[in-house]
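Open your viewer and get ready to select a few side chains with me. We will go from stop to stop and look at what is there.

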Amino acid sequence: MSDQAILVTGAAGFIGFHVARQLLAQGRHVVGLDSLNHYYDPALKQSRLNILRENPRFAFVQADLADRPSMAQLFAAHRFPVVVHLAAQAGVRHSIDHPHAYVDANLEGFVNVLEGCRRNQCRHLIYASSSSVYGANAKLPFSVDDRTDHPISLYAATKKANELMAHSYSHLYRLPVTGLRFFTIYGPWGRPDMAIFIFAKAIIEGRPIKLFNHGKMRRDFTHIDDVTRVVSRLVDHVPGDDATAAPARVYNVGNHHPEELTHVVALLEKELGRPAIKDMLPMQPGDVTETFADVGDLMRDVGFRPDTSIEDGIRGFVAWYRDHYKV
């Protein structure tokens, strides 16, 4: 098994869980790595893991990305042909108060992944970046050709650093790398610190929801099913290596259709059958008013076209939430 296994880091996390499940459904072997930290409810991570563990082609390793000896050992033991690196310390606002957690996981941890790949003949590293690298970019839609030199949070800075680190390894060692700038991913098994999850929980419990910039925010909400389709197509879509350019690509993974936050809240109210108590607040540090992904490159290279409407996506999320939390 280990010779053919794909490594998915962050396998107990939201995106990692869905990607691992998709790869398993395609008949592939997966080694899932996660530290199971307490950034949010570990019970949710365990529930995701329990589903993955039902598949005999899945093996789980609990380890910290920043633990250099453990990571070196793991890579040497398995010599993964493909690595899908989705583990990170997430969250824009958390990074304002907990900077060291981001340096450990997103910088040190990423170097350990890069070293593991280069020393063990990995054929393709796919890694998570973020739409936050665009900072306060005013040009819409966001294109991968836009400058991304002005991050407005430490989280965004670490993700931009990941892109630069991956490119340098790609150039030096001809390691094929593909970076994915994710735009506001949502759906079943989502993260409790993300807006749609927070809003649904608050509406159900009759608590107010905070709408920053007085609700005048637009986000390119991207459904998890669209994300997993992209990643599974990219696994075998290895960036080409020519003599001059590094075999490195970066893509936007978004819905290519920003939604007003107030519209999303209205959909949640409709599906939950109760009104939201809205607390209108000013902008907060580290946030942007709008995100909008240009996904033309993905359409061209792997035929990707996002096809989950926000209405269907919210309906599916609420159905999962009610079932999982028995409300």
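Start with Arg118 and Tyr173: the charged end of Arg118 sits over the ring of Tyr173, 4.2 Å from its centre. A charge sits over a ring here if NZ of Lys or CZ of Arg is within 6 Å of the ring centre and within 35 degrees of the ring normal.

Before moving on, a word on what you are viewing. This is a predicted model, in which local features need pLDDT of at least 70 and side-chain atom pairs count only at pLDDT 80 or more, while totals for chains, interfaces and linings use all residues. Residues are numbered from 1 along each chain as its sequence is written, and side-chain values use heavy atoms, with hydrogens and water left out.

Next, select Lys45 and Tyr40. Lys45 lies over the face of Tyr40, at 4.6 Å from the ring centre.

Now go to Leu52, in helix α2 (residues 42–53); helices are DSSP runs of H or I, at least four residues, numbered from the N terminus. Is Leu52 buried or exposed? Its relative accessible area is 1%, so Leu52 is buried (buried means under 20% relative accessible area, exposed over 50%, partly exposed in between, with a 1.4 Å probe and protein chains only). Show its neighbours too: leaving aside residues up to four places away in sequence, Leu52 touches Ala11, Phe17, Ala20, Arg21, Leu24 and Phe58, where contact means heavy atoms within 4.5 Å.

The last stop is about aromatic rings. The structure holds 20 aromatic pairs; rings of Phe, Tyr and Trp (its six-membered ring) pair if their centres lie within 6.5 Å, and planes under 30 degrees apart count as stacked, over 60 as edge-to-face and the rest as tilted. Select Phe197 and Tyr325: their ring centres are 6.0 Å apart and their planes at 85°, so this pair is edge-to-face. The pair links distant parts of the chain, with Phe197 in helix α7 (residues 195–205) and Tyr325 in helix α11 (residues 310–325), 128 residues apart. Phe197 counts as buried at 4% relative accessibility, whereas Tyr325, at 29%, is partly exposed.

Finally, show Phe17, Trp189, Phe197, Phe317, Trp320, Tyr321 and Tyr325 together: ring pairs link them into a cluster.

Key: Helices (H or I, at least four residues) and strands (E, at least two) are DSSP runs, numbered from the N terminus.
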